[in-house]
Amino acid sequence: MIYVLMAIILQRIKNLIKLFKNQKFFWMNISQNKSSDGNPNHQDMRELENLYNSRQFNSLENRVKQLLKKYPKNINLHNILGIALKDQWKLVDSIKIFEKTIKIQPNFYIAYHNMGNVLKDLCRLDEAKTCYQ
């Protein structure tokens, strides 16, 4: 049973890797936001991208938290915060952020995928499978 589950998860991950190759889709999608509609501006998003690419996850976490004070309902910022926490192995905190992101926008599939990755890292495979579906 567990081998079948892992095979399904691995296939879905392979498909998502194709979609998110080098994170370009993810960053291009969120960096096109405009500050006039409650989203960070292009410069802020580029700063976050640079912090992520240089693996400065603690700085990324702090900067996203600053931006969330200004844009508290921005799902992309919540999602980036969850990623920053995951990459620092703050997995329980990361799950809480992804859950909050999903609560804000239930059809934001990227948050489900990212939460599935965290749950997989915690060996909570049944829950991870649900996120990937």
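**Group meeting: helix packing and salt bridges**

Let me begin with Glu61: it is buried, at 5% relative accessible area. Buried here is under 20% relative accessible area, exposed is over 50%, and partly exposed lies in between, using a 1.4 Å probe and protein chains only.

A word on the source. This is a predicted model, in which local features need pLDDT of at least 70 and side-chain atom pairs count only at pLDDT 80 or more, while totals for chains, interfaces and linings use all residues. Residues are numbered from 1 along each chain as its sequence is written, and side-chain values use heavy atoms, with hydrogens and water left out.

Back to Glu61. What does Glu61 form a salt bridge with? The partner is Lys90, and the closest N and O atoms are 3.0 Å apart. A salt bridge means a side-chain nitrogen of Lys or Arg within 4 Å of a carboxyl oxygen of Asp or Glu. Glu61 sits in helix 4 and Lys90 in the loop between helix 5 and helix 6, so the pair ties together parts 29 residues apart in sequence. Lys90 counts as partly exposed, at 31% relative accessibility. Helices are DSSP runs of H or I with at least four residues, and strands are E runs of at least two, numbered from the N terminus.

Now helix 4 itself. Helix 4 covers residues 57–70, which is 14 residues. At 1.5 Å a residue that should span 20 Å, and the end C-alpha atoms are 20 Å apart, so the two agree. The expected span is 1.5 Å times one less than the number of residues. Which residues of helix 4 are buried? They are Phe57, Leu60, Glu61, Arg63, Val64, Leu67 and Leu68. These buried residues pack against helix 3 (42–53) and helix 5 (75–87).

Take Val64. Leaving aside neighbours within four places in sequence, Val64 is in contact with Leu48, Leu77, Ile80 and Leu81. Contact means heavy atoms within 4.5 Å.

That brings us to the core. The largest nonpolar core has 32 residues. Those with the most contacts inside it are Leu48, Leu60, Val64, Leu77 and Met115. Helix 3, helix 4, helix 5, helix 6, helix 7 (109–121) and helix 8 (125–132) each supply at least two residues. Helix 5 gives the most, with 7 residues. A nonpolar core is a set of buried Ala, Val, Leu, Ile, Met, Phe, Trp, Tyr and Cys residues joined through side-chain atoms within 4.5 Å. In soluble globular proteins, nonpolar side chains tend to be buried together.

On to helix 6, residues 91–104, where Thr101 lies. Is Thr101 buried or exposed? Thr101 counts as buried, at 0% relative accessibility. Beyond its neighbours within four places in sequence, Thr101 contacts Ile75, His78, Asn79, Phe108 and Ala111.

More on charges. How many salt bridges does the structure hold? It holds 7. One of them joins Lys86 and Asp121, with the closest N and O atoms 3.1 Å apart. Lys86 is in helix 5 and Asp121 in helix 7, 35 residues apart, so this pair links distant parts of the chain. Lys86 is partly exposed at 23%, and Asp121 is partly exposed at 28%. Arg124 and Glu127 also meet in a salt bridge, at 2.8 Å, N to O.

Last, the cysteines. Cys123 is exposed at 63%, whereas Cys131 is buried at 9%. The structure holds 0 disulfides, a disulfide being a pair of cysteine sulfur atoms within 2.5 Å.
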